[in-house]
Number of protein chains: 2
Amino acid sequence: MKFICTQENLNKALNVVGKIINKNSTLPILNNVLLKTEKGRLKLSSTNLEIGINYLIGGKVESEGEITIPTKLFHNFVSNLPAGNVEIKLREDVLSVKCNGYKTNIKGLDAKEYPLTPKIDVKPIFKINSFILKKALSQVIPAISSSESRIEITGVFMDLSNLDKNIVTLVSTDSYRLAESFINIDKDSVNKDYKDILGNAISIIIPKDTIVELVRNLDDQEDDVEVIISEGQILFNFGNANIISRLIEGKYPDYKQIIPNDFKTIINIDKNEIIKATKITSLFSDISNNSIELKLMAGSKNLEITSETNNLGSNNTKIAVQIEGDNKDINMLHNYKSLIDGLNNISGDKVILKINDDNSPMVLTSDVDKNYTYIIMPTRA
Amino acid sequence: MKFICTQENLNKALNVVGKIINKNSTLPILNNVLLKTEKGRLKLSSTNLEIGINYLIGGKVESEGEITIPTKLFHNFVSNLPAGNVEIKLREDVLSVKCNGYKTNIKGLDAKEYPLTPKIDVKPIFKINSFILKKALSQVIPAISSSESRIEITGVFMDLSNLDKNIVTLVSTDSYRLAESFINIDKDSVNKDYKDILGNAISIIIPKDTIVELVRNLDDQEDDVEVIISEGQILFNFGNANIISRLIEGKYPDYKQIIPNDFKTIINIDKNEIIKATKITSLFSDISNNSIELKLMAGSKNLEITSETNNLGSNNTKIAVQIEGDNKDINMLHNYKSLIDGLNNISGDKVILKINDDNSPMVLTSDVDKNYTYIIMPTRA
């Protein structure tokens, strides 16, 4: 193998493929990155057996070849090289790198020992703008469960059953809160044959790590991302990279039943004020349940956010609100971390809080982004 | 106590006094900050019994008083408050804070329980520009020893015996390397009676933590810092703050004897190139001694920076240099971390390496800042 490219491109590729965490310490080759010439480019691949990432770099292939190199060492090395051309040459199991005055030899391991990532040869189900996908995925990340006893909620539920209406639904829940985000797909970006291709996989569960890697690597540009699903795997194609991941098997809970349709009280409140007040009040929350109190006195036009612990002190913050529906006494306890997670993902300056009673789920939405809904259960006193 | 000031000033004060680490877990009140009205201002103080920091805030004192408040809680709280006026009021042991819509009560502990910081009533020994002091202190921090068996080198040696020539010398060493930085003092900024005030304390040792706190808090402005020394204590007065610290007792090693006066070979090299090369080469250094090799072949005009480990690989970087004196074979091993520490503190684009032979100390200096010298011992192969 002999390949010439720029330090900038090689470094960008390693930023993408070089950060998968290898959880499988019995297979040390997973700490390596696979380099392989392919159709006039260099392909970098890494996998932890759950997720695989590939990245293609343009450059000049002078001779073909493949090798695996310790990822962390190679990444540290390349990121410190000066900008300019880098020449990579393989001699047996040693990768020689030349760049400006630098001459470096790095010992590799045989590419044949590296686990194969599965190939998916079906057509994309749909295409979606990178920025829109990134935003929707970010919105559902916080509510993903980390409970190992309920594996089916440790990922994001992607519901494709409304693709005929050009809608993809993303859902996450940890059973105390739920996030739902709709993505509107261009009509022309949906594969006409999607039902045939998907078969029973009309809704799937994507592991959290895959979602996090995607959000890390998708850019904020208008580029398209192709979404391909086949036989327990999902593939995201974007720019020079693709991410392939296994899906989580299992039945996602029937979440729709816990989203209330009607509400007794609807509160319109400034987003930054409620975030700031929640943070300050959380300093005086009970360590045992991290709860703060949302309080509204019947007829009042101020929402009070309060907490008190005997040994630290107390806080009470009043925020002016607009109220529709019943202006009755409200006295809800909420986990402040869950509340802030939801508030942070609301678009625009205002948040709408939809409430029935003190022990029923509260819904957070916004007039600016009606595609996103966050539902949070009150904690018990 | 009742006091009104701005959130910005209160937050700035807590940034200064709120970061001392309390190592003394048997005295929980040291986790608190002392608030005390003083001459129309509010004084915030904190101490870990080794260092004490005080900060004065301007504002409106409506009634006098004092209390101690949990530092971390108070700092988190104030930093999250909106900008604007903050009203602080003490009722028994509870501090009530009002700011915009926020009403907060924080439980305190009696100020009388708080350890007194010693008062120093002597005149300053000298005054020095804040930026110059900060730079000189930063330059000697890396070489301070952390060895607990030799307490006298765990601080910075401040030599005042050349104050009659308007020079203060700062020195640090961990016995493998040594940093020396001269500070030029304005003639008018030296106290005429400094010898009488200092007595035997003509050279002192200041603990590392004190130096680090000083560097963290000194600004890059032209403001003056007053340096006051008395009875085993040193006091730095600057802006609205002062830092008081105990001194380390003991005799600092006679370091001058290890700084060579003559050199056989003097190498002039680009600073950024040698730093980059050292970082890259360090990736292939032996983990057991972190050493890399500096190599010059007799008659060559390139310095080679190399390392090799069997299991990882090797690196060799050639950097063009200018050589004065003997252009003979050089083959030195150096700890790369120590080398980078020294290089990072060199001013300007060029570094001068002064060498005698492979097993003698190497001196790093610069034509741009002749006040700073860094000496590093080669490691053994």
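Colleague: At what angle do the axes of helix H6 and helix H7 of chain B cross?
Modeller: This is a predicted model, where local features need pLDDT of at least 70, side-chain atom pairs count only at pLDDT 80 or more, and totals for chains, interfaces and linings use all residues. Residues are numbered from 1 along each chain as its sequence is written, while chains are lettered from A and ligands numbered from 1 in the order in which they are written. Helix H6 covers residues 271-282 and helix H7 residues 336-344 of chain B (helices are DSSP runs of H or I, at least four residues; strands are E, at least two; both are numbered from the N terminus). Their axes (lines fitted to C-alpha atoms, for helices over the stretch in contact; angles run from 0 to 180 degrees between N-to-C directions) come within 10 Å and cross at roughly 160 degrees.

Colleague: How does H6(B) lie relative to H7(B)?
Modeller: The two axes cross at roughly 160 degrees. That makes H6(B) relative to H7(B) roughly antiparallel (over 145 degrees; under 35 is roughly parallel, 65 to 115 roughly perpendicular, the rest oblique).

Colleague: Which residues of H7(B) does H6(B) meet?
Modeller: H6(B) brings Lys271(B), Ile274(B), Ile275(B), Thr278(B), Lys279(B) and Ser282(B). Contact means C-beta atoms, placed from the backbone, within 7 Å. By class there are six nonpolar, two polar and two charged residues (nonpolar: Ala, Val, Leu, Ile, Met, Phe, Trp, Tyr, Cys and Pro; charged: Asp, Glu, Lys and Arg; polar: the others, Gly among them). The partners in H7(B) are Tyr336(B), Leu339(B), Ile340(B) and Leu343(B).

Colleague: What is the handedness of the crossing of H1(B) and H2(B)?
Modeller: Helix H1 (residues 7-17) and helix H2 (residues 71-80) of chain B have axes that come within 9 Å and cross at roughly 145 degrees. Gln7(B), Leu10(B), Asn11(B) and Leu14(B) meet Phe74(B), His75(B), Val78(B) and Ser79(B). The crossing is left-handed (near helix turned anticlockwise from the far one by less than a right angle; clockwise is right-handed).

Colleague: Which residues of H5(A) meet H3(A)?
Modeller: Helix H3 (residues 130-140) and helix H5 (residues 208-217) of chain A pack at about 140 degrees, with axes 9 Å apart. That makes H3(A) oblique to H5(A). From H3(A) come Lys134(A), Leu137(A) and Ser138(A). They meet Ile211(A), Leu214(A) and Val215(A).

Colleague: Which element gives the largest share of the side of chain A that touches chain B?
Modeller: 27 residues of chain A are in contact with 27 residues of chain B. Helix H2 (71-80), strand S9 (102-107), helix H6 (271-282) and strand S21 (313-320) of chain A each give two or more residues. The side of chain A divides into 11 nonpolar, 11 polar and five charged residues. Its largest share, seven residues, comes from S21(A).

Colleague: What ipTM does the predictor give the complex?
Modeller: The mean pLDDT of chain A is 95, and 100% of its residues reach 70 or more (pLDDT is the predictor's confidence in each residue, from 0 to 100). The complex has a pTM of 0.91 and an ipTM of 0.87.

How values were computed. Contact = placed C-beta atoms within 7 Å.
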